Amino acid sequence: MNNPEILVIDDEQQICRLLAITLESNDYKVHIANSSREGIIAAAQYSPELIILDIGLPDESGHETLTKLRSWFNKPIIVLSVLHDELNIVKALDNGANDYLVKPFRTGELLARMRSALRNTLVNDESSIINCEGLVIDLAGRSVRKDGEYIKLTATEFTLLSVLANNEGKILTHQFLLRHIWGPGYIGQSQYLRVFIAQLRKKIEKDPNQPELLITAFGIGYRFVCNP
Amino acid sequence: MDYFFIRKLSKAKQYLYSILLILIVSSACYLFSEYTGYHTTALLLLVSVSLIAMFFDFSPVIVTAIVSALIWNFFFIPPRFTFHIGKSEDILMFLMYFVVALINAALTINIRQFEKREQVKEEKENVLKLYNTLLNSLSHELRTPISAILGAADNLQTNNDKLTEQNKSDLVAEISLASMRLNRHVENLLNMSRLESGTLQLKRDWCDMTELVYDVVNRINEYETTHNFNIQIPENIPYFYVDIGLLSQVIVNLVHNAIQYCPKGTTITIYATCLIDRLELIVEDEGPGFPEEKIASVFDRFYRINVSRTGGTGLGLSIVKGFVEAHHGTVSLRNKREGGSVFTIDIPAKTSYMNDLKNE
């Protein structure tokens with residue numbers, strides 16, 4: 001995959017210029033669209049590998065653009081939002097965004113999110129072993145090793161870890177995790193998640209108070225991060 | 001000030017007191033009517049209506065004017081105990097009474113309008129004063145990082161060949177730091193306007209204090225490494241049902257306040273404990289502390305201990321207070337005997353000992 005094409009849909013010229021410089025210097029090919037309408041046309045025309053979509057667009061809300069794009073576009077979409085407004089972010093994630101960033105964001109962060117979003121689409125063959133900084137998760141064999149040693153996880157802990165690890169880099173919302181692991185009756189019972197995330201951290205993180213693998217997005221959800 | 005107290009009486013109480021006054025005056029007159037005659041009664045009742053008009057709103061005044069006119073007519077003007085008026089001069093008297101009472105009521109409207117205008121003027125002046133303080137501290141606090149960014153960018157652009165690699169990376173680090181500072185000010189301004197607009201609604205969720213405090217400290221440590229942190233949270237602390245976003249901002253602001261006023265290399269300690277359905281959060285530093293006489297005003301908007309010194313829009317601590325009070329909690333400040341200040345936050349909140357749950 002040389003020079004993957006990226007489509008940026010944002011009406012702020014300065015952000016567009018900055019993203020163009022950053023992405024081009026990281027060997028991406030960049031297309032820019034300044035409105036929802038232009039963006040949808042460009043997405044059809046170039047069929048990019050990834051779309052960066054601003055939620056605040058002049059002609060219509062980015063949420064609508066997202067819904068329209070998602071009716072046929074199945075590559076990753078990363079959403080940009082100005083306010084750290086959990087409701088908006090969760091809505092975008094529910095509508096099919098793969099990830100989000102709040103402006104102002106560091107470009108390093110953006111590039112990392114893009115890499116993992118692109119990786120997600122590349123490794124879709126249910127690779128049953130996930131290897132990450134000394135942590136080896138065998139999804140088929142249902143075992144976890146840390147630095148070669150087997151770690152004992154409860155059934156729920158293992159399910160939670162494997163769902164997160166299988167979606168490496170992708171943010172999974174509280175609702176999504178609760179529904180998939182505990183069932184629809186547990187939606188809203190976020191304290192269950194907190195308990196199991198805390199327990200998992202104690203078992204797999206080097207320092208549970210400075211987590212590097214299981215990252216919290218307060219008010220939104222969790223992501224499993226594996227920095228290669 | 002008593003006057004304002006009276007004005008603040010509810011409408012219902014205003015009606016009650018007005019009617020009571022009229023009843024007392026008319027009963028007194030009724031008892032002594034042999035000596036006073038009914039003309040004096042009219043004057044006494046008019047005086048009462050005028051008194052009421054001085055203090056109360058328009059509608060109670062007009063009601064008392066009408067009621068007192070009717071009472072006068074019914075109980076005093078001969079033939080008594082009828083609304084019929086015998087003599088033509090009494091009819092004239094009654095009409096005049098009515099007109100004077102109405103004029104009284106009309107004058108109250110004028111007085112109230114005047115008062116309202118004065119009040120609006122005073123409020124406007126206060127807002128203007130606050131606005132000026134804000135502008136002064138903001139223009140300083142916003143321009144400093146902007147100057148740093150512009151200066152560093154200019155340097156990189158025009159002096160590029162003279163700068164060493166080290167110089168360049170230092171300048172870039174300055175731009176980064178200044179931008180973070182700008183962003184923090186903007187965030188505080190947005191938070192202040194959320195508080196001021198009165199639209200703040202808590203989005204409560206179960207909060208793991210250990211996770212939250214470490215998250216705040218880790219994020220601050222990414223760009224400010226000048227101070228040491230000591231975090232003291234018991235292992236078995238329950239989850240608290242609070243607005244995590246607001247609480248996070250409270251801790252960020254308290255820590256930044258400590259960073260700003262304490263010498264480099266000192267330690268900032270954060271404690272969190274559960275006091276039966278209440279969260280106690282303490283941020284302690286080893287700085288100079290606060291002058292005792294100024295402790296009461298540090299949570300006021302735009303207040304800064306030493307205006308000439310750099311640092312702070314004066315918004316940080318008032319946002320702390322606002323967000324804590326939105327949780328019906330309290331924030332207090334004291335100096336330690338051995339030096340340093342202690343901010344204590346006390347928030348009533350539902351707790352959950354779910355984290356004691358055994359593995360499933």
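Start with the two domains of chain B: select domain 1 (1–199) and domain 2 (204–356). Their bounds come from an automatic or database domain assignment. The centres of domain 1 and domain 2 of chain B, taken over C-alpha atoms, are separated by 37 Å.

This is a predicted model, where local features need pLDDT of at least 70 and side-chain atom pairs count only at pLDDT 80 or more, while totals for chains, interfaces and linings use all residues; side-chain values use heavy atoms, with hydrogens and water left out. Residues are numbered from 1 along each chain as its sequence is written, and chains are lettered from A and ligands numbered from 1 in the order in which they are written.

**Stop 1: between the domains of chain B**

Show the contacts (heavy atoms within 4.5 Å). Here 19 residues of domain 1 of chain B meet 20 residues of domain 2 of chain B. The two domains of chain B bury about 1800 Å² between them, 66% of it on carbon and sulfur atoms. Buried area is the accessible area (1.4 Å probe) that two parts lose on being put together, summed over both. Now select Arg184(B), Asn188(B) and Met192(B). In domain 1 of chain B, these residues lose the most area to domain 2 of chain B, together 29% of what that side buries.

How many salt bridges are counted between domain 1 and domain 2 of chain B? The count is zero. A salt bridge needs a side-chain nitrogen of Lys or Arg within 4 Å of a carboxyl oxygen of Asp or Glu. Next, colour helix H5 (88–158) and helix H6 (165–197) of chain B: these elements give two or more residues to the side of domain 1 of chain B that touches domain 2 of chain B. H6(B) supplies the largest share of that side, 12 residues. Helices (H or I, at least four residues) and strands (E, at least two) are DSSP runs, numbered from the N terminus.

**Stop 2: chain A**

The mean for chain A is 88, and 95% of its residues reach 70 or more. Which element of chain A has the lowest confidence? Helix H5 (residues 107–122) of chain A does, at a mean of 81, while strand E1 (residues 5–9) of chain A has the highest, at 96.

In contact are 14 residues of domain 1 of chain A and 12 residues of domain 2 of chain A. Zoom in on Asp99(A) and Arg223(A). They form a salt bridge, with the closest N and O atoms 2.8 Å apart. The count between domain 1 and domain 2 of chain A is one salt bridge.

**Stop 3: where chain A meets chain B**

Show both chains. The contact takes 27 residues from chain A and 24 residues from chain B. Select Arg194(A), Asn209(A) and Phe218(A): they supply 31% of the area that chain A buries against chain B, more than any other three residues. Between them, chain A and chain B bury about 2000 Å², 50% of it on carbon and sulfur atoms.

How many salt bridges cross the interface of chain A and chain B? The rule finds four. Zoom in on Arg194(A) and Asp205(B), which form a salt bridge with the closest N and O atoms 3.0 Å apart. Finish on helix H6 (155–166) and helix H8 (190–204) of chain A, the elements that give two or more residues to the side touching chain B. The largest share of that side, 11 residues, comes from H8(A).

Note on methods
pLDDT = per-residue confidence, 0-100.
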